[in-house]
Amino acid sequence: MTTDSGQQRIGIFDSGVGGLTVLRELYRQLPKESILYFGDTARVPYGTRTAAEIVQFVREIMTWLVEQDVKMVIMACNTSSALAMEMVQAEFDIPVLGVILPGAQAAVQQGKRIGVIATPATAASNAYRNAILEMENSCRVWQVSCPAFVPLVEQNRIYDPYTTEVAREYLAPLIQQRIDTLIYGCTHYPLLAPVLRSLLPAGVNLIDPAVRVVAAAAQELELLGLRNSGTALPTRFCVSGQPEQFAEVSVQWLGCTPAVEKIVLPTVVRSTVSIVESVE
C-alpha cells in the first residue's frame, strides 16, 4: 500500500560522514525511496559531548527535519540513539529508528562473546551492553571507547599508518578476551573495515547495525503504508559545517561528488523538564 506520503523523503542524520554507511544500505534495500541526509559537521565529533549537549543537538536536528516534511527519520548515529531516543519518542510524532537495538539483535544471533567499539558517550551509556543482555543474558559483552576513530574518518585518514596503530591499541583488549563478534558501535566505523579486518582474527563476525536498521525501516514503511512506488528523487545532502569538506570526504563512499547545502539549524528552547539524565 502506498499513499501520497510515499513521495516524502526519509530523513537520515549523523554527526558527519558516518551515516553514509546507512545511506548506502538504503540505496541497496530501498532504491525507490527519496532521502534527505544531514551531517552535523560543525559539531562533530559527538562522542565526547555531554548527554545534555547531544539531546539538544538532536532536538534541533529533528525539528529541522520535521520542517522539511520527512516521513521517517533514521538516527544514523549511535551516540544520538543511545542518549536521545527517549526525548525523540516523547517530542516528535513521526517514526524514528535508532541503530542500537537492531545492532544488538544482530549480534546475539551471531555470537556469545561480543565486543563493542563505540564513541566515549555511547560506551559510557552502556546502551549496547544493556540491550544485548536484555535479549540474551548468557552473552558476555566487552566495550571499548574509541575517541580517535571519528576524527580520523572525518579527516580522510583511514589508510594512514597512525590509524592502524590506534586501531591495534583499541582492539587488543577485545582480542585478548577472545571475542567471536564485534559490533560497529558507530556508523563511522564500517568505513574502517579494511583496517579492522586486517587486525582481527578471521573468525570474528563483524556486525554493521546499518543493515538491520534499514531492514527495520522497510518493515515500518510497509506497515504504515508509506513506501514509495515511484522513482526516487536525487538525495539531498545538507551539513551544518563546510559543504566542500563533506563532499571531498564522501566522494569515495558515494562514487560521485555530491551537491551539498549548508543549512542553519533552528534554535530550540529546551523544555523545562529534562527527561534525560547526564551520563557520567
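Predicted model: local features only at pLDDT ≥ 70, side-chain atom pairs only at ≥ 80, totals over all residues.
Residues count from 1 along each chain as its sequence is written, and side-chain values use heavy atoms, without hydrogens or water. Local features need pLDDT of at least 70 and side-chain atom pairs 80 or more, while totals for chains, interfaces and linings use all residues.

**Stop 1: the cores.** Select Leu20, Ile117, Phe149 and Tyr189. In the largest nonpolar core, of 57 residues, these four touch the most other members. A nonpolar core joins buried Ala, Val, Leu, Ile, Met, Phe, Trp, Tyr and Cys through side-chain atoms within 4.5 Å; buried means under 20% relative accessible area (1.4 Å probe, protein chains only). Helices are DSSP runs of H or I, at least four residues; strands are E, at least two; both are numbered from the N terminus.

Now show Phe13, Tyr46, Val58 and Cys238. They belong to a second, separate core of 28 residues.

**Stop 2: Tyr184.** Go to strand β7 (residues 181–185), which holds Tyr184. Tyr184 is buried, at 5% relative accessible area. Leaving out residues up to four places away in sequence, its contacts (heavy atoms within 4.5 Å) include Asn78, Ile117, Tyr128 and Tyr189. Asn78 is 106 residues from Tyr184 in sequence, yet their C-alpha atoms are 9.3 Å apart.

**Stop 3: α4 and α6.** Select residues 100–108 (α4) and 127–135 (α6). Which residues of α4 meet α6? They are Ile100, Leu101, Gly103, Ala104, Gln105 and Val108. Facing them in α6 are Ala127, Tyr128, Ala131, Ile132 and Met135.

How values were computed:
Buried < 20%, exposed > 50% of the residue type's maximum accessible area, 1.4 Å probe, protein only. Axes fitted to C-alpha atoms, helices over the stretch in contact; angles between N-to-C directions.
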